Amino acid sequence: MNIAVIGNDEFVLGFRLAGLRRVFTAKPEDYQKQLREVMETPDIGILAVDSKDIESLPVNFRIKVMNSIHPVVVPIGGGGATDLREKVKRAIGVDLYKEDE
């Protein structure tokens with residue numbers, strides 16, 4: 001499984017510099033179509049997206065994207081209330097942060 005990122009040129013630049021190989025650039029008018037295509041790529045397990053781009057999606061598609069477990073979509077930036085712990089738990093079925101008592 002690979003980690004990928006999708007967004008505008010500015011958003012993906014840092015990921016490219018960090019060595020991420022699966023980088024997809026999308027313009028605002030093509031974002032939804034490109035996001036759908038990237039989400040259907042079988043070898044992508046985690047997809048980083050700009051939270052501003054997610055907020056611009058139609059509600060039904062946004063819900064589908066945020067509830068996806070393959071790939072797990074992780075919004076980055078902004079003030080979005082995203083619980084990465086719950087996403088990981090839903091994707092792999094184990095709470096990695098749970099402390100044994």
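Begin by selecting E1, H1 and E2, which together make a right-handed β-α-β unit in what is a predicted model.

Next, colour the two strands of this unit: strand E1 covers residues 2–7 and strand E2 covers residues 22–25, and the two run parallel, joined by 4 bridges. To see one of these pairings, select Gly 7 and look across to E2, where its bridge partner is Thr 25.

Now move to helix H1, residues 9–17, and show the side chains of Phe 11 and Phe 15, which both lie in this helix, 4 residues apart, or about one turn of the helix. The count of aromatic pairs comes to 1, and the pair is formed by the rings of Phe 11 and Phe 15, whose centres are 5.5 Å apart and whose planes stand at 50°, so the pair is tilted.

For the last stop, select Ser 68, which is found in the loop between helix H4 (59–66) and strand E4 (72–76). Is Ser 68 buried or exposed? Its relative accessible area is 11%, so Ser 68 is buried, the limit for that word being under 20%. Displaying the surrounding atoms, follow the side chain of Ser 68 to the backbone oxygen of Pro 71, which it reaches at 2.6 Å.

Terms used: Residues numbered from 1 in each chain as written. Predicted model: local features only at pLDDT ≥ 70, side-chain atom pairs only at ≥ 80, totals over all residues. Heavy atoms only, no water. Buried < 20%, exposed > 50% of the residue type's maximum accessible area, 1.4 Å probe, protein only. Polar contact = N/O pair within 3.5 Å; in protein donor to acceptor, adjacent residues only side chain to side chain. Phe/Tyr/Trp six-rings, centres within 6.5 Å; stacked < 30°, edge-to-face > 60°. Pairing = 2+ DSSP bridges. Right-handed = clockwise from strand over helix to strand, strands pointing away.
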